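Hi,

Here is the structure I promised to pass on.

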Amino acid sequence: MPKKRKIKLSDDLIRDALEHDLESVNPPPSEKMWQRIEGSLETGRTSAVKRRFAPGRFAAVAAAACLLLVLGSIGIFRFTELAMPAREVEMPIRTADEAVPAEVEEKDVPEVTVPEELEVDPGIEPAVREEVEPELDIAMEEKDEPEIEVAMEEEAEPEADDPAKDEMALMEAPSLYGERDPSPPEWQSELPGNFTFHEALLMYADEEQFYRAAVYSNEEAELLWVKSDLEDEKLGYFIDQLVEQLNEHVRELKEVDETVHFTAADRPGLAWREENHNQALLVVSGHLSAERLKDIAAGIE
Amino acid sequence: MEPEKILELVKKNDSDSHRALFEAYYKRTYAVAYNILRQRETAEDITQDAFIKAFQNIHQLQDGSKFGAWLAVIVSNLARNYLKREKRIYYTDDEVPMQAGTESNYTEEAAMRRLEVDRVRKAVRKLPAEHYQVVVLQYYYDLKVEEIASMLKISPGTVKSRLFRARRKLAGELELENDSACLYNEGGKRDSAKKKENKAE
């Protein structure tokens, strides 16, 4: 038995492992599957996955049906009760010995009308029914989910050592510009021009290197203020990495008074070094002139 | 299959070409589905759905030569959605029977390498679906970060983040110490050495 040695997790090792895993598997015979695929392509069916009839789902369906019955009963009860004349009606407690029928003269009974407020909400029943039907329909055609055109910014994966935080983060909607920063530094609450702080992000420049960023917005535009922790990073590289994260290209780079002015997607940006660290302020949506951006940057504390 | 041949089949887009693509990618597509779902029957259904969707939407594929990677994205997304819908994570691993002929006589070095590959393979299977997806796309299909980002419609930063976390999880799973982890970050065919040079200038 060969003795264990330390593994160096190289790219080649991962590649070999995947090749071994994907190419040595023994799938079911392909002929039958191809026939099903061919058949589906001809008929236009999209899904082979059938919904299983799970007991848990059945319980949910039953509960929904009961709720529907109860709501319906309450609605009918209220309708019949309040359709009676608007007068105080005492409901005597009847015992077995008491047999005092309520004497209601026919002339006192108003014609039954349906007050508007008592009409059963047409929204309730159909909505509940919609909730119920898909669960009962076991072999339904699966909804055509957009697996192909997938806007998969669906998980935010913050840099957190806490697994519980990771799990929570998976449920959050991601930002357009990066991932939510789970432990942001203190950002200014407002920038000149009524730009209010919106959210704090992490933008990954490399596998292990990220920039901290904050989004500010007002009615006219959205700004991204970015700070790098790296000390020996070239400003040009910083700008390139930053703009690449936004899936854009840098154009019109020029340096004025130790500040680099650039544009990305025809929107202005500024980058500078402060205490040996790079920072940038750029417009990511809306319209703002380079001059105004410069004024805002001057107001950064 | 050569990229040119794949491109030709994708462009042709008829029943014969679909059959050829199916035969070429069936096994690995099934493997991706199985590694996420851990159930043979469901993996079979998901694989079938993936091929159907791929052939029905093949006109959306911008670079035909990337059909395999694109199909891997479809099948892994379908598998992930299935898991979410069924509210499952992972089942106990019923080991996929390997093909006959994978065992052979090894030299000691080859045997040790084989052990390492097996350990990494098992660790990779334990990755969460979204990490497994990017690892397959980078290391098996040799896509660059930008290509993965474009295919998954996420930012390059998110791809990098997932790759980083995947490698970190692998290292943790393999119980590697820091100095033996050696988490190289070349990946695919990207020239990351050049990037490091630029960074240090």
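I'd start with helix α5 of chain B, where the buried residues are Ala111(B), Met112(B), Arg114(B), Glu116(B), Val117(B), Asp118(B), Val120(B), Arg121(B), Ala123(B), Val124(B) and Arg125(B). Keep in mind that this is a predicted model. The cover over those residues comes from both chains: it includes α1 (11–23) of chain A, along with α2 (15–37), α6 (129–140) and α8 (156–173) of chain B. The helix itself runs over residues 108–125, and its 18 residues reach 26 Å from the first C-alpha to the last, close to the 26 Å expected.

Some of those buried residues carry charges. Arg121(B) and Asp118(B) form a salt bridge at 3.5 Å, N to O. They sit three residues apart in α5(B), about one turn of the helix, and both are buried. Salt bridges with shared partners tie Asp21(A), Arg114(B), Asp118(B), Arg121(B) and Arg125(B) into one network.

- Glu44(B) and Arg36(A) have their closest N and O atoms 3.0 Å apart. This pair crosses between chains, from helix α3 (residues 40–56) of chain B to helix α2 (residues 30–43) of chain A. Arg36(A) is partly exposed, at 33% relative accessible area.
- Asp12(A) meets Arg15(A) at 3.0 Å, N to O. Both belong to helix α1 of chain A, three residues apart. Arg15(A) is buried at 16%, while Asp12(A) is partly exposed at 47%.

Now for the strands in chain A.

- β2(A) and β3(A) make a hairpin with three residues between them, and Gly193(A) in the turn has a positive phi of about 95 degrees.

As for chain A overall, it has seven helices and nine strands, and 37% of its 301 residues are buried. Of its contacts with a separation of 6 or more, 46% are between residues 24 or more positions apart. The chain exposes about 19,000 Å², with carbon and sulfur atoms supplying 53% of that.

Cheers

Conventions. Residues are numbered from 1 along each chain as its sequence is written. Chains are lettered from A and ligands numbered from 1 in the order in which they are written. This is a predicted model: local features need pLDDT of at least 70, side-chain atom pairs count only at pLDDT 80 or more; totals for chains, interfaces and linings use all residues. Side-chain values use heavy atoms; hydrogens and water are left out. Helices (H or I, at least four residues) and strands (E, at least two) are DSSP runs, numbered from the N terminus. The expected span of a helix is 1.5 Å times one less than its number of residues. Buried means under 20% relative accessible area, exposed over 50%, partly exposed in between (1.4 Å probe, protein chains only). Contact means heavy atoms within 4.5 Å. Two strands pair if DSSP finds at least two bridges between them. Accessible areas come from the Shrake-Rupley method with a 1.4 Å probe; for residues, only the protein chains shown count as cover. A salt bridge is a side-chain nitrogen of Lys or Arg within 4 Å of a carboxyl oxygen of Asp or Glu.
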